[in-house]
Amino acid sequence: MSNQFYNAAPQETRVAPPRKPARTYPANKPAQVYLFGTCVVDLFFPEAGMDAIYLLEREGIAVDFPQGQSCCGQPAYTSGYTDQAREVARSQLKLFANDWPVVVTSGSCAGMFREHYPDLFKDEPEMLAQVQNLAARTYELAEFLLHVCKVQLADHGAPLQVALHTSCSARREMNTHLHARALLGQLAQVERVEHDHESECCGFGGTFSVRMPDISGAMVADKTQSLLASGAQQVVSADCGCLLNINGAFEKQNNPLLGQHLASFLWQRTHVEQEPSL
Amino acid sequence: MNSQRIHAVDITSRNLKANARLSLKDQQLRHNMRSAMDSLISKRIISMPDEDERENLRELGNKVRASALSQLPDLLERLEANLTQQGIQVHWASTTAEANEIVLKIAQARNAKQVIKGKSMVSEEMAMNEYLTEHGIEALESDMGEYIIQLDNEKPTHIIMPAIHKNAEQVGRLFEHRLAIPYTDDVDSLIQSARSILREKFFHADIGISGVNFAVAETGTLLLVENEGNGRMSTTVPPVHIAVTGIEKVVANLQDTVPLLSLLTRSALGQGITTYVNMISAPRQPGELDGPEEVHLVLLDNGRSQAFADSELRQTLNCIRCGACMNHCPVYTRIGGQAYGTVYPGPIGKIISPHLLGLENTPDHPSASSLCGACGEVCPVKIPIPALLRRLREENVKPPQQPGQVMDGQGSRYSSKERLLWKGWQYFNSLPWLYKTGTFMATRFGGLTPKNLGPWTQNHSAPKPATRSLHELAKQHLEKKS
């Protein structure tokens with residue numbers, strides 16, 4: 001055996017962190033929140049970001065949208081460019097100075113704040129405290145609407161069957177599938193239909209989709225096929241990375257089915273134009 | 001012998017991307033893999049239905065493995081001392097070449113001509129069959145799956161179920177072609193045919209070779225699980241038994257094997273326990289009627305100490321080789337095990353192979369994952385596989401040959417151009433004026449997006465930026481309100 005083996009400190013062995021207890025939520029909704037829109041929403045699904053603002057404002061919550069925001073850093077982080085991800089994270093951290101909740105319109109970016117920022121700054125004690133503070137007040141939109149705002153949605157739309165796709169990191173880090181299901185369940189005329197291998201990855205994986213286009217392509221082909229076979233008239237997701245992938249593939253296949261962000265779907269189903277007052 | 005290979009992948013290549021492209025087109029493979037993996041996924045969860053119990057057991061499994069690794073050098077020494085005292089000869093090998101030489105020397109000392117093998121992934125790592133054949137010794141696999149792929153001149157597609165990518169019809173054709181057995185796709189009769197051939201081989205073999213599931217330091221016990229009885233035959237019938245295993249397989253005591261066994265068989269096959277659990281602690285004693293006269297253990301390092309030396313990467317060595325990560329992996333399910341071009345495929349293969357072979361020989365392995373996390377969620381010993389994949393990506397894009405290098409082949413995907421791009425990405429996303437200028441251009445000139453965006457447009461239409469960014473819309477809206 002090599003010397004390397006005997007020199008390694010045995011106390012360096014890691015034990016898996018204990019399971020986290022279920023997240024507890026504040027009893028009352030706050031007066032003010034930050035919205036982190038995410039880079040994909042910013043450029044490709046801005047209406048989803050606006051609908052998130054409308055949904056929050058309807059709950060009587062003032063929304064601040066810091067103009068300095070860009071990306072959570074995930075693409076560089078998952079590609080192994082940790083230093084670059086850390087610098088972008090540092091620039092974003094400055095934007096949320098007040099102690100308001102940060103609502104994120106994408107589960108995987110919320111997961112980046114909560115689960116991976118602490119890893120990025122593990123060697124910077126001062127930043128770490130700031131990061132942990134941010135993590136504790138970061139919510140994915142569906143989670144925030146359901147558990148903090150405790151919304152009661154009144155459905156004004158026609159009967160509709162929808163399929164729900166949840167991003168993998170959103171599911172595993174943020175339980176977004178449960179929150180989104182509960183919100184859809186409040187809509188009286190909406191029936192959520194299951195699709196084959198529902199919990200399987202759509203094949204996006206950030207840069208994976210361009211580094212490994214063959215494998216990623218096979219995955220999204222299966223995903224779009226099972227969404228089609230579900231009979232749903234509409235696809236809904238709370239993660240725009242997946243939507244970019246799934247919608248791009250649907251379009252390439254000349255398929256009329258398209259995915260919509262959950263925020264836009266909820267807003268359109270529940271919003272009633274107010275009668276102009278006399 | 002090699003004229004009728006059914007599989008599409010060139011197993012001599014480690015080029016994962018090229019292999020995957022081929023295997024994705026193999027509809028039979030896709031179908032076989034999907035239905036097999038679906039069945040394994042459901043069997044696992046049926047065998048561990050209670051979430052709390054399952055998660056507690058996984059936590060215990062993780063602690064047992066972490067505890068063993070924290071005392072690894074000591075446990076290995078204790079294992080060696082106890083085995084030696086009980087009459088089992090212990091050999092240490094740094095490399096697979098050394099391990100093969102050890103096995104060959106033992107074989108030559110007995111003038112052995114035939115070797116019968118129980119299932120052993122470490123022997124695959126060593127390419128032991130090829131090595132022994134080169135030296136005039138016949139090595140025959142006796143595990144049914146291994147036997148099938150050996151007949152077809154293939155490599156295992158899965159660490160537990162080596163021939164899981166083949167269906168009964170394909171095996172029937174193979175047996176018809178290679179063994180001159182009339183074609184049938186009846187699984188029971190196919191197994192019976194193979195068993196009767198193998199039965200004879202057991203009695204004529206000079207040496208039996210097996211792997212080890214857990215090596216127990218305190219009692220000097222080699223624990224081996226299996227379902228076919230071939231493991232017991234390989235380790236008891238021939239006059240010599242050689243067990244080969246990796247140095248990480250040691251645990252402190254028998255008590256520690258209880259949760260690990262429970263996790264192993266349930267995670268692998270949804271079984272509460274395997275048909276056979278063998279515990280080997282000595283060669284045949286005076287007055288005993290059976291058992292081998294000689295028992296050897298070969299302990300192989302082969303890059304494991306490199307993983308051990310880094311506290312994060314050390315978690316790779318928690319692995320108890322159940323294969324659950326493969327069964328649940330959307331990439332593995334689609335491309336099959338052979339496409340990885342490495343002995344260990346799937347998620348665990350992507351994090352262990354770089355240590356065994358060097359990152360320079362596995363440059364695409366860390367990247368061939370969407371980081372969906374299905375593997376980490378089911379790993380019985382809680383290896384954070386997605387986090388380790390990400391870490392390997394980091395090692396992979398570092399400048400090569402820096403001091404303090406923790407991995408052989410570091411920087412095998414280093415590209416100054418790509419690094420510059422990410423540096424640009426960093427400035428773009430951390431300088432608001434630059435970001436705003438960029439998104440302004442994209443929203444105003446989005447119509448000019450080229451139709452062909454390389455790999456993205458292979459599967460998608462080109463994305464069309466919105467005409468106004470959320471930054472602009474939100475600003476307008478909030479200003480109107482105030």
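In chain B of this predicted model, residues 24 or more positions apart account for 72% of the contacts that have a separation of 6 or more. That chain holds 22 helices and 10 strands, and its radius of gyration is 26 Å, close to the 23 Å that the globule rule gives for 482 residues, so chain B is as compact as a globular protein of that length.

Now to the domains of chain A. The assignment divides the chain into domain 1, covering 30-147, and domain 2, covering 156-270, and the centres of these two domains, taken over C-alpha atoms, are separated by 22 Å. How many residues does each domain give to the contact? Domain 1 of chain A provides 29 residues and domain 2 of chain A provides 24. On the domain 1 side, the elements of chain A that give two or more residues are α2 (39-44), α3 (46-58), α4 (74-78), α6 (107-120) and α8 (141-148), and the residues of that side divide into 14 nonpolar, 9 polar and 6 charged.

From there I would like to move to a place where the two chains meet. Two packed helices are described by the angle between their axes and the distance between the axes. Helix α12 of chain A, residues 213-229, packs against helix α1 of chain B, residues 16-24, at an angle of about 35°, and the axes are 9 Å apart. Which residues meet in this pair of helices? From α12(A) they are A:D214, A:I215 and A:A218, and from α1(B) they are B:A20, B:R21 and B:L24. By class, the contact of α12(A) with α1(B) has 4 nonpolar residues, no polar ones and 2 charged ones.

Finally, a word on backbone angles. Most residues other than glycine have a negative phi, and most peptide bonds are trans. Against that background, A:K150 has a phi near 50°, a positive value in a residue other than glycine, and this lysine lies in the loop between α8 and β5 (160-165) of chain A. The second case is B:K382, where phi is near 55°, again a positive value in a residue other than glycine, and B:K382 sits in the loop between α17 (374-378) and α18 (385-397) of chain B.

Are these two lysines buried or exposed? A:K150 has 12 other C-beta atoms within 10 Å, and because a residue with 12 or fewer is classed as exposed, that is how A:K150 is assigned. B:K382, by contrast, has 24 other C-beta atoms within 10 Å, and since the threshold for burial is 20 or more, B:K382 is buried.

Terms used: Residues are numbered from 1 along each chain as its sequence is written. Chains are lettered from A and ligands numbered from 1 in the order in which they are written. This is a predicted model: local features need pLDDT of at least 70, side-chain atom pairs count only at pLDDT 80 or more; totals for chains, interfaces and linings use all residues. Helices (H or I, at least four residues) and strands (E, at least two) are DSSP runs, numbered from the N terminus. The radius of gyration is taken over C-alpha atoms; the globule rule is 2.2 Å times the number of residues to the power 0.38. Two residues are in contact if their C-beta atoms, placed from the backbone, lie within 7 Å. Domain bounds come from an automatic or database domain assignment. Ala, Val, Leu, Ile, Met, Phe, Trp, Tyr, Cys and Pro count as nonpolar, Asp, Glu, Lys and Arg as charged, and the others, Gly among them, as polar. Axes are lines fitted to C-alpha atoms, for helices over the stretch in contact, and angles run from 0 to 180 degrees between N-to-C directions.
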